[in-house]
Every structure is written in C-alpha cells, then in structure tokens.
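Subject: The two-chain model, with notes

Hi,

Here is the structure I promised to pass on. Have a look at it first, and then read my notes below.

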Amino acid sequence: MEPTPTNSPVIEFRDVVYLLPDGQTLLRDLNLQVQRGETLVLLGRSGSGKTTTLKLVNRLLSPSCGEVRVNGAPTADSDVIRLRRSIGYVIQDVGLFPHFTVERNIGLVPRIEGWPADRIHLRVEELLRMVGLDEKIASRYPHQLSGGQRQRVGVARALAADPSILLMDEPFGALDALTRDQLQREFLSLQQRLNKTVVFVTHDLREALRLGSRIALMESGQLVTVLPPQEFLRSTDPLAAAYVQAFGEGLNSVATRGTE
Amino acid sequence: MNVIHFFAQHHQEILELTLEHLWLVGISTLLAVLIGIPLGILSAHWPVWNKPVLGTANIVQTIPSLALFGFLLPVPWIGARADRLAILALTLYALLPVIRNTYTGIRGVDPAVVEAGRGMGLTGRQLLFQVELPMAVSVILSGIRVAVVVSVGLATIAAAIGAGGLGEFIFRGLAMVNNQLILAGAIPAAVLALSADFGLGWLERRLQPR
C-alpha cells in the first residue's frame, strides 16, 4: 500500500527555536512538516540538532519559541502523558527495563493503559513475531539477549499500543554491520505493512538513503535542506554534496525511493 | 568456661535485654527508612534539595553519640522517656546512609532507561515505583544494612541514659570491672550486628538488578 499523503501534516514545526538555559542555541527557526505514512530521516552530525528536533515531538523537550503540532494540535496544549503514549519512541541505547522480562517490557504501556492480561499477552506474541523474534524469548530478561534482539524488543515495545507515529533515534547505530543491515531491511518491510509516520534520526547517509522517503539535512541547529533520496544524491547544496562525497561510491543502488 | 556458665545462668536477662536492644534498633531503623527514602528521592529528583538534605544528615552524623543523647534530653515529650530519646538519636544516625544510598541508587539508574520510560508516557509516579525504585533497591538496602549495623553498636550507648538494651551489661560490667558482664552485652550485640549484616546482605544480592 502506498502512503496516502493528505494535506494536513501529522507533525509540524513552526518557527521552532530551542535554547539551552545558558542561552546556547540548539535549534533555530525550524520549519518542517512530516506527512502521514512517510519516513522522514533527520540526517546530520552530532550536535546538529537532530535529536533535539525528535524530542520536541513527544515533548521530552519544549520549544523556547514557536510551536510543534502533532495531528494538528500544538503539543504545548496537549496532555503530555497522552501525547507520549500515542507516539512510539525507540532510542539507540534501547533503554529496556532490566528488571522486567521481555514480555513485561513490551506490554508496559498496554498494562498501564489498563488492557486485560490476555489481550496484552496476545499482543506481545503478535509483536514478537512482527519484529522477527521467537515467542519463547518473552520470558527472558534483557541482559540475556543479544544487541540485535534487544533493539527488536525496543521496536516491539514502541509499537505495543499501536501508535501512528514512531520516533527513532539512531536505533541501529550501536549494532554490527550485518545485524544493522538485517534490521534495516526488516524495518522497510515492516513500514510497508504498518504505514506509520516515522521520524528517524541518523548520521549515516547510507541508512538515510535506504530508509527515508525524505531526508532532512541538519547542521549546527539549522535545517539545510529536505529532499527525497534520489534528489539528495544529485543536490548541488555544498553540505549535501559533501555528505555524498564522504560516503563514496555505490549510493545510487541504496537510494530506492524518491524517484517519483 | 566461666563465661559460658555466666551465660547459662543469666540467659533470661540476656534474652530480655537483647529483645530490648532489637526493639530500639528496629523502631529507629524503620523510622529512618520511612523518613530517609522520601528524602533521598527528593534530593535525587530536585537537585536543589541535595545539598541541604545530605548536608544536614552529614552534620548529625558528626555529633558524638553521648553528646546527642545529652542535647535531646531537654526536648519535651522525647526527653521524658529514655527509650524515646534513644530511638530518636538512633533514627538521626541511621538517616544518612539511607538518604545517601537512596540518592545514589536513583541517580545511578541508566539514563537511557529513564528516558525511554518518560518517552513511553510513564507518569513521574509510575517511573518512580516501576522503574527507579526497583532498580535502586539493592543500593538502598545496602544503605539500610549499614544503618542497622551501626545502630546495633550505637544502641549499646543508649544504656548510659537508661534506655536499656545490651549496653546495660556493658556499663554494669565497666562499673564493676567484671569482664563476664561486659561480654554478656558485647557478644550478643556482635551476633546481632553480624546476623543483620549477613541477612540484609543476602537480601541485597537477591534483589540485585541484572
């Protein structure tokens, strides 16, 4: 199923500025829209403001100026707990609860949302299959899993209450190349089926080209350009060109989307 | 031989004073836990409270125990009965390790786990009770363990103000220059301290997060 972009963006940044208490500017005049069903990749080096941008969506951070809208409503006006539960969140360090089994980790949001136990159980099994894990893993603790398995559990946990938006902060950054490749492939097929609105942070151009329907390039707290992967490769923007240069040959074959 | 004989003869009194000792230590530890854990959480979550809370607990710790008993003597209600006074003093001494370890335990929770929890939409209370406290529990317990072991020793001094406990034997023995009497107080106190240390240490390892 192709994404069906509607006119109203799912996530919208309007003139967003984010300052640290000491006055340092982490983000300036950000204007950005994320459409329903797309995977928007925030690409940039560390300190470019991509993680800050991501955290503004689920209000782990609040903008100093401007506003962030999710599903048309300013996040500042919405109930922050409800907002966060309606948005899946995956981070590089996974952040699985070490004292909970895999099943409890995945089922945590459904449980605090008051789902009946049998429904949670079924949902956990469904999610484990969805992310390519054996159901037997449900009773294990995070420290008994490999890095790749942990990250899959992290993704399953983020999907537990079926949020329409998924925020992913370098989820595959700490994995070995083979596992990363596999998870990227699975992400694509999962995204084809689930059609979530995804904001994905990475510093890896290859990953951005492969997973993104659009790439938002960031540098020193500013949005440089937003382009579909194929156009990104042809971009004359000096920074985009520098990225393409740095990552070298063979990028064309990675960029599967964006020719439309 | 003499000591064993003495113990056999006075086992009734030894048992009574041991129970009294346990009561002093138990009540004061309970109070220290009830007060110390919330204060530890407070200073871990709101750094403004960190210095005043830990600083005060630290200062209390430096007051010599006999002096503290003396200071508290004129306090109304508390000073009226020796056991109240002893319990208050022991509670004050037990606070520092409990507060400090609660603080350390909560601050030591992996920030990624806390961030994931917040990002998932856990409320502050859910985060505290389902994530932070369970993950800090073994560190908090080790603070309680230190508090108990120190209290068992300190509680012997409470006999100086007439609060009872195993210190009775020790002070009596000192006054009468009778080693058997001193040992009748010191040995059970040592056994209490060691078994509390061992028992709580075992519990601590059981609850260690993986």
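Which pattern does chain B follow when read along the sequence? The pattern is α-α-α-α-α-α-α-α-α, and the count for chain B comes to nine helices and zero strands. Helices (H or I, at least four residues) and strands (E, at least two) are DSSP runs here, numbered from the N terminus.

Some housekeeping before the rest. This is a predicted model, so local features need pLDDT of at least 70 and side-chain atom pairs count only at pLDDT 80 or more, while totals for chains, interfaces and linings use all residues. Residues are numbered from 1 along each chain as its sequence is written, with chains lettered from A and ligands numbered from 1 in the order in which they are written.

On confidence: pLDDT is the predictor's confidence in each residue, from 0 to 100. Chain A has a mean of 90, and 95% of its residues reach 70 or more. Residues 1–5 of chain A stay under 50, and for that stretch the model has 10 contacts beyond four places in sequence. A contact means that the C-beta atoms of two residues, placed from the backbone, lie within 7 Å. Where pLDDT is low, the predicted coordinates should not be read in detail.

Back to chain B. Its C-alpha atoms fill a box of roughly 65 × 40 × 25 Å along the principal axes. Of its 210 residues, 40% are buried; that takes 20 or more other C-beta atoms within 10 Å of a residue's own, with 12 or fewer making it exposed and anything in between partly exposed (C-beta atoms again placed from the backbone). Among the chain B contacts with a separation of 6 or more, 73% are between residues 24 or more positions apart.

Then the interface. On the chain B side 15 residues are in contact with 18 residues of chain A. Two or more residues each come from α6 (111–119) and α7 (124–155) of chain B, and α6(B) gives the largest share, six residues. By type, the chain B side divides into eight nonpolar, four polar and three charged (Ala, Val, Leu, Ile, Met, Phe, Trp, Tyr, Cys and Pro count as nonpolar, Asp, Glu, Lys and Arg as charged, and the others, Gly among them, as polar).

In α6(B) itself, B:Val113, B:Ala116, B:Gly117, B:Arg118 and B:Gly119 are buried. The buried residues of this helix pack against α2 (80–85) and β6 (87–91) of chain A, together with α7 of chain B. After α6(B) comes B:Gly121, with a positive phi near 95°.

Chain A has an open sheet of four strands in the order β2-β1-β4-β5, with antiparallel pairing; strands pair if DSSP finds at least two bridges between them. β2 (25–34) and β5 (73–74) of chain A are at the edges with a single partner strand each, so one side of each has no neighbour in the sheet. Five bridges link β1 (residues 11–19) and β4 (residues 65–70) of chain A, and A:Ile11 stands opposite A:Val70 in β4(A).

Two non-glycine residues to check in your viewer: A:Asp15, in strand β1 of chain A, has a positive phi near 45° and counts as exposed with 12 C-beta neighbours inside 10 Å. A:Asp162 has a positive phi of about 55° and lies in the loop between α6 (147–159) and β7 (165–169) of chain A.

Cheers
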